[in-house]
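Me: I have a model open and want to go through it. Can we start with the strands and then do the ligands?

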Amino acid sequence: MHKALVCVLSLLCLAAAGPARAADAATLARGKQLMEGIVACGNCHMAVSPQGEPQFGKPLAGGFKFDDRAFTAYAPNITPDVATGIGGWTDAELGKAIREGIGRDGRLIGPPMPIGFYRHIADADLAAIIAWLRAQPAVRNEVPKSVYRIPLPPNYGPAVGSVAAPPQSDKVRYGEYLANIGHCMDCHTPRDDKGMLMRAQWGAGGQAIPGPWGVSISRNLTPGPGGLKDWTDAQIAHTIRSGLDRKGQPLKPPMAFWFYKNIDDAEMAALIAYLRSLAPLPFAGKS
Ligand code: HEC
Ligand code: HEC
């Protein structure tokens with residue numbers, strides 16, 4: 001009897017820890033690392049209080065309102081609730097929404113969701129993000145529809161095929177990959193009159209970002225004048241994780257410090273290596 005019991009138990013254990021489940025656990029762990037760290041979808045998709053205040057650490061039930069000249073957008077509920085969230089979406093539909101900006105109804109997902117950056121998300125990381133989303137509690141929350149007062153582009157580019165992340169051993173390229181999926185340059189690059197990011201000023205800061213916090217001006221992340229050249233790696237890492245600048249002063253939102261505190265040392269080192277590889281530029285805003 002003893003033997004049989006052990007057998008049953010070990011079968012259960014095997015079933016629970018067999019190859020398929022082990023992969024699931026690793027995928028979920030990667031999803032957690034990304035979603036509670038550099039990818040930080042929750043910085044936009046978090047639940048908001050009845051007063052519209054962000055509820056960091058709460059489910060991604062949406063409702064945060066982005067007021068802009070060109071649009072009034074609401075971050076949707078992306079918890080697994082079937083009626084009001086993404087519970088009824090397939091993995092393929094979710095992948096298309098995240099990486100190509102095409103919604104379930106075929107409609108283009110508008111700004112400020114940074115689709116141009118999310119096109120870089122590698123297949124394995126996309127699967128990890130989706131697995132993590134599906135493992136969250138479902139929250140029923142109906143969010144108003146966004147209104148765009150500008151025509152949206154027909155698409156964000158051709159269909160995304162298969163994407164692989166660069167090897168972690170290539171610190172600069174892996175750091176660039178992380179900066180893309182964390183959309184750092186979405187805020188840290190100035191925009192032209194049409195709202196497009198100015199490629200020639202990559203990372204030079206100076207973008208004005210209005211919100212409930214007033215107006216934040218993004219800073220220069222390049223090694224140019226007024227940038228990060230004189231900062232040590234430890235200072236850069238501390239600022240990104242704590243939201244305190246070099247003098248210990250708190251930085252204003254909307255940078256996702258709340259999440260970035262979870263970026264691990266290897267990822268932080270890659271991110272910093274990438275920032276140090278940027279073309280040195282002067283601050284693009286008014287100093
Ligand atoms: C800068 C803010 C921002 C970030 C960051 C962001 N989103 Fe969004 N997202 C939005 C907004 C706003 C919309 C709605 C746009 C619209 O109405 O066209 C949206 C739409 C979506 C949709 C479509 C949902 C629906 O019901 O139509 C999905 C799915 C989604 N986001 C998932 C994600 C995931 C996953 C991430 C992280 C990888 C993410 N978003 C990061 C702002 C953001
Ligand atoms: C949603 C917009 C946004 C995103 C995304 C963002 N930042 Fe920021 N960041 C800002 C703003 C705005 C400030 C300045 C805040 C202030 O002045 O109070 C800032 C400040 C900083 C600073 C402080 C620099 C200084 O001179 O004090 C660093 C370093 C930084 N960001 C790095 C990053 C990195 C790396 C990423 C990606 C992982 C990132 N940021 C993503 C908006 C953003």
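**Strands and ligand shells**

Reply: Phe-71 has Tyr-148 as its bridge partner in strand E3. Keep in mind that this is a predicted model.

Me: How do E2 and E3 pair, and over how many bridges?

Reply: The pairing of E2 with E3 (residues 147-148) is antiparallel, with 2 bridges.

Me: And what about E1 and E2, in which sense do they pair?

Reply: Antiparallel, over 3 bridges, with E1 covering residues 65-67. The two strands make a hairpin, and 3 residues lie between them.

Me: Which residue in E2 is the bridge partner of Asp-67?

Reply: Thr-72.

Me: Switching to ligand 1. Which residues come nearest?

Reply: Cys-41, Cys-44, His-45, Met-113 and Ser-146, out of 23 residues around ligand 1.

Me: Which polar side-chain atom lies 2.6 Å from an oxygen atom of the ligand?

Reply: One belonging to Ser-146. A polar backbone atom of Gly-110 is 2.9 Å from an oxygen atom of ligand 1. For Arg-107, an N or O atom of the side chain is 3.4 Å from a ligand 1 oxygen.

Me: Where does ligand 1 sit among the pockets?

Reply: The space it takes is the second largest pocket. Helix H3 (42-45), E2 and helix H4 (91-100) are the elements that give two or more residues to its shell.

Me: What is the shell around ligand 1 like by class?

Reply: 18 nonpolar, 4 polar and 1 charged.

Me: Now ligand 2, which residues come nearest there?

Reply: Of 19 residues around ligand 2, the nearest are Cys-184, Cys-187, His-188, Lys-252 and Met-255.

Me: What does His-188 contact?

Reply: A polar atom of the His-188 side chain lies 2.8 Å from a nitrogen atom of ligand 2. The side chain of Arg-219 has an N or O atom 2.8 Å from a ligand 2 oxygen. Lys-252 places a backbone N or O atom 2.7 Å from an oxygen atom of ligand 2.

Me: Which element gives the largest share of that shell?

Reply: H8, with 3 residues. Helix H8 (184-188), strand E5 (214-217) and helix H9 (233-242) each supply at least two.

Me: And the classes around ligand 2, how many of each?

Reply: 11 nonpolar, 5 polar and 3 charged residues.

Key: Residues numbered from 1 in each chain as written. Chains lettered and ligands numbered in written order. Predicted model: local features only at pLDDT ≥ 70, side-chain atom pairs only at ≥ 80, totals over all residues. Heavy atoms only, no water. Pairing = 2+ DSSP bridges. Helix = DSSP H or I, 4+ residues; strand = E, 2+ residues; numbered from the N terminus. Near = heavy atom within 4 Å. Polar contact = N/O pair within 3.5 Å; in protein donor to acceptor, adjacent residues only side chain to side chain. 1 Å grid on protein atoms, 1.4 Å probe; cavity = no way out; pocket = protein on both sides within 12 Å on 5 of 7 lines; lining within 4 Å. Sits in = over half its atoms within 2 Å of the grid points. Nonpolar A, V, L, I, M, F, W, Y, C, P; charged D, E, K, R; others polar.
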